[in-house]
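I opened the model today to look up a few points of packing and pairing. My entries follow the order in which I checked them.

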Amino acid sequence: MSSDPTWGVVATIQASDEDILNFAAWHLDQGAQRVQIYLDEDAPKAFAALKAHPKCRVILTDAQYWKRRRRHKGRPEKHQQRQSANATHCYKRDPEVDWLLHTDVDEFLWPMAPLQGQLAALPETALSARVRPIEAMAPDPDDPPEANTLWCKACARLLAHRRADTDAIYPTYGAHLDGGFISHVAGKVFVRTGLPDVSLRIHNAFRDGEMDREPIELSDTKIVHLHAPSWEHWRAHYRYRHEHGSYRAELRSAPQPDGAGLNKHALFAAIEAEGGETALRRLYEGVNTATPDLRKRLEAHGLLHKVALDLDACRARHFPDPP
């Protein structure tokens, strides 16, 4: 591979025009050679803007699209299946980059060192490289950060360290929240392109039907996950996530030495049954609002990040005509 490998992102997106273009613009700003977006529902203004940009590729996954994808026998019911199918489709039809990251509209790469250099340093035998998430927290209304700045929390990669940190930082709910996150801790993977029999899932790459279980860690890059950047945002998405998304019943619980932890579906249902929306908000504010006390505990464990994320300015640079 050349000393300057190219990279790109692929995502299946159902979101507002503004959110779609924010996602594309941010990754173009970070140096993406290609931003490849599969629209899960029509967004005409974003479609037109992406279509006109030389580094963007966009496909509307309407009924005709899924009809052409005959092996899927129509549009898959679950959005996770559609995401994996589209990402694999992108990989196999030549993504025009050396490394491809499958990610989501609320996830934003945050390299702390030149990303091309990190990718160039990977061994030739590496199929995939993992980028770990940091989760955006809601600002404390009494002590907010600067404009266009977010406080984010991280978690330890190794399970034993993560469990100890979580118990110390989140004494009330930490037993049931892996790393204290209300989203995933797995992160996403860059996948080396141009290889046969490769398929992509949400958090992993597969080759010949076998998951790559030892991706290289890209420790100098994080993914800023805007999973729940405010209580209002989290509440608006909560019901769908609880029934169909990242809190659905079949997902595993946070790892526990005695195996007794609740998964998020059961935890949130129990909290809601006991105290309704008021109790859910108390959970959210306890683990995901950047109060001085929570920031102090995170910082003591080396898990606090401050991120500048001016998405409006970024979008204006790449897509000057507003959606």
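In which sense do β10 and strand β11 pair, and over how many bridges? I am working from a predicted model. I found that β10 and β11 (residues 205-207) pair in the antiparallel sense, over three bridges. For Leu200 I looked up the bridge partner in β11, and it is Ala205.

Next I traced the sheet. It is an open one of three strands, ordered β10-β11-β12, with antiparallel pairing. β10 (198-200) and β12 (210-211) each have a single partner strand and stand at the edges, so one side of each has no neighbour in the sheet.

I then turned to the helices. The axes of α1 (residues 17-29) and α2 (residues 44-52) come within 8 Å and cross at roughly 25°. The crossing of α1 past α2 is right-handed. On the α1 side the contact is made by Asp17, Ile20, Leu21 and Ala24; α2 brings Pro44, Lys45, Ala46, Ala49 and Leu50.

My last entry is on Asn148. I located Asn148 in the loop between β7 (138-139) and β8 (149-153). Its relative accessible area is 41%, so I wrote down Asn148 as partly exposed. Leaving aside neighbours within four places in sequence, Asn148 is in contact with Val307, Ala308, Leu309 and Asp310. I also checked Asn148 against Asp293: they are 145 residues apart in sequence, and 22 Å apart in space from C-alpha to C-alpha.

Methods. Residues numbered from 1 in each chain as written. Predicted model: local features only at pLDDT ≥ 70, side-chain atom pairs only at ≥ 80, totals over all residues. Heavy atoms only, no water. Axes fitted to C-alpha atoms, helices over the stretch in contact; angles between N-to-C directions. Helix = DSSP H or I, 4+ residues; strand = E, 2+ residues; numbered from the N terminus. Left-handed = near helix turned anticlockwise from the far one by under 90°. Contact = heavy atoms within 4.5 Å. Pairing = 2+ DSSP bridges. Buried < 20%, exposed > 50% of the residue type's maximum accessible area, 1.4 Å probe, protein only.
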